[in-house]
Each structure stands twice: as C-alpha cells, then as structure tokens.
Amino acid sequence: MISTHWSQRRAKHKRNWFRALRTDTKIPSSLPVRVDELNRLLSDSAPEDVLKNDRTTTVACVTLGDRKVVLKRYNPRNQWHKVKRALRKSRARRCWDMSYVFQKAGLNVSPPLLMLEDRLGPFRRNAFFVNEKLQGKELLDELPKMSEPDRQKVKQAITEAFAKMKRARIVHGDMKATNLLWVNDELFFIDLDASERHGPWSLTWTANHNKDKKRFVRNWEDTPEVAALFSNL
C-alpha cells in the first residue's frame with residue numbers, strides 16, 4: 001500500500017554548476033543520481049519495460065531490489081526547444097513540486113523519489129524524474145468493466161477530487177483517463193508535468209479548471225453509460 005506520509009518528510013536538495021538534484025529521504029540506495037547512470041538505466045531497459053519513447057519523453061519501469069520505480073527523462077524536441085526551455089522550470093521540476101502540492105491538497109499521487117536537472121549554470125538541459133511505480137489500473141480501461149457499486153465509488157472519488165482541486169486552485173492540465181489510476185479503491189493522479197497551481201487573482205483559473213473537467217468527460221465519449229455518471233460534474 002502506498003504511504004500518504006511521504007509529503008511530510010523533508011527532501012534533500014543539492015545544486016551546483018552542472019546539476020540540480022532533489023531526492024526523498026527514502027530513496028532506494030541502488031537508485032543512481034548521475035546523468036550518465038540514469039541514461040544507462042533507460043538504455044538498458046528491456047523492451048517490455050519501456051512505457052514510452054518519443055521525441056519528448058523516454059519512460060521505463062525499473063526494478064531496484066524489491067522496489068519498482070518509474071524513470072522518466074524529458075527530451076528536448078529540437079535545438080530551438082532546448083534554447084526556449086533553458087531558463088524555464090523543467091517539466092521534471094514541475095512534477096516534483098506539484099506532487100507535493102497535490103498530496104497536501106488531499107489528492108493522491110505516487111511518491112516522488114528523485115528530480116535531476118542536467119545544467120550548465122542557469123541553463124537546463126535534459127531532466128529526469130523518478131517516482132514509485134503504482135500497482136493499479138488505468139481508469140480508461142478499468143471503469144467500463146466495473147460493477148455499478150464500484151462505478152459509484154469512482155464517481156464519488158472524481159467528484160471529491162475536482163472539489164479539492166477547486167479549493168486548492170490546482171489544474172492537472174492533461175486529464176486523460178490514462179493519467180488516472182484506480183489503486184485499492186482510491187484515485188491516483190500521474191503525469192503532473194502540465195499541472196499548475198493558480199494564485200487567488202489568476203484570470204485563467206476558471207477556464208483551466210473547466211478545461212480539466214471537459215477533458216475528463218471526453219474520455220467516455222464511446223461509453224455513454226459511463227459518461228452518464230459524470231453528467232453533473
């Protein structure tokens with residue numbers, strides 16, 4: 001079972017001219033913290049463990065002793081993209097920060113273990129993010145197969161999640177049902193690299209919150225009986 005107390009621990013921060021590193025105090029001892037070693041873990045992954053590999057991200061499930069983790073590397077799309085993002089917060093750093101924001105708002109996420117930015121002074125290059133591998137089912141596949149009582153549990157969890165997001169003014173930014181996992185009758189969010197927290201005077205908060213809702217409902221266009229669950233979302 002995933003612990004919900006990790007967000008109360010103080011993370012370790014290290015930064016120098018060539019890297020910015022954040023790690024959880026419970027990081028597996030066998031998890032490397034160097035760019036070349038993390039790249040090697042990805043390149044050595046078996047094909048069945050590679051979850052995604054495209055121009056923007058490379059993601060693999062990695063076994064470290066008795067623990068499974070998800071290792072994600074954010075790749076610059078091209079030279080212009082690399083320059084454009086060099087001085088902005090990396091997507092790995094956003095995942096790290098927003099994991100704590102979500103959890104403190106009462107929204108379940110996988111515990112983050114490591115965030116590493118490959119840097120040259122203030123300029124960011126590749127970035128890595130590692131979190132615990134959740135043993136759950138993607139809502140996209142699982143919800144249509146559920147019994148009616150279990151569907152009602154999901155409906156309540158989704159309704160409560162949007163209420164918590166509204167109170168905390170949090171936007172996920174990519175509410176595909178593949179980014180929502182059902183784990184031991186609880187809802188978990190993954191892929192937080194597009195998420196953000198809006199300030200009290202944000203002019204875009206309402207529009208983005210509604211966009212999250214509309215994207216979630218669109219997951220069920222081909223399953224009207226599921227879509228009906230969320231007609232009053």
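Is Ala127 buried or exposed? At 3% relative accessibility, Ala127 counts as buried, where buried means under 20% relative accessible area, exposed over 50%, and partly exposed in between (1.4 Å probe, protein chains only).

## Basis of the model

This is a predicted model, in which local features need pLDDT of at least 70, side-chain atom pairs count only at pLDDT 80 or more, and totals for chains, interfaces and linings use all residues. Residues are numbered from 1 along each chain as its sequence is written, and side-chain values use heavy atoms, with hydrogens and water left out.

Ala127 sits in strand β8 (residues 123-132). Helices (H or I, at least four residues) and strands (E, at least two) are DSSP runs, numbered from the N terminus. Apart from neighbours within four places in sequence, Ala127 is in contact (heavy atoms within 4.5 Å) with residues including Lys72, Tyr74, Ala92 and Leu116. Met98 is 29 residues from Ala127 in sequence, and their C-alpha atoms are 16 Å apart.

Met115 belongs to strand β7 (residues 112-120) and is buried, with a relative accessible area of 1%. Not counting residues up to four places away in sequence, Met115 touches Ala20, Leu21, Arg22, Ala92, Arg93, Trp96 and Phe128.

## Salt bridges

Side chains of opposite charge can pair when their charged atoms come close. A salt bridge is a side-chain nitrogen of Lys or Arg within 4 Å of a carboxyl oxygen of Asp or Glu. The structure holds 11 salt bridges. One of them joins the side chains of Lys72 and Asp191 at 2.9 Å, N to O. This pair links distant parts of the chain, since Lys72 is in strand β5 (residues 67-74) and Asp191 is in the loop between β12 and β13, 119 residues apart. Lys72 is buried at 9% relative accessibility, whereas Asp191 is partly exposed at 33%.

Lys72 also forms a salt bridge with Asp193, the closest N and O atoms being 3.9 Å apart. Asp193 lies in the loop between β12 and β13 and Lys72 in strand β5, so this pair ties together parts that are 121 residues apart in sequence. The side chain of Asp193 also makes a polar contact of 3.1 Å with that of Tyr74. A polar contact is a pair of N or O atoms within 3.5 Å; within protein, one must be able to donate a hydrogen and the other to accept it, and residues adjacent in sequence count only if both atoms are side-chain atoms.

## A pair in helix α3

Arg93 and Asp97 form a salt bridge, with the closest N and O atoms 2.9 Å apart. Both residues lie in helix α3 (residues 91-104), four residues apart, about one turn of the helix. Arg93 is partly exposed at 23% relative accessibility, while Asp97 is buried at 18%. Salt bridges that share partners join Arg22, Arg93 and Asp97 into one network.

## Cysteines

A disulfide is a pair of cysteine sulfur atoms within 2.5 Å, and by this rule the count is zero. Cys61 is in no disulfide, and the nearest cysteine sulfur, that of Cys95, is 17 Å away. That distance is too far for a bond. Cys61 is buried, with a relative accessible area of 12%, and Cys95 is buried, at 3%.
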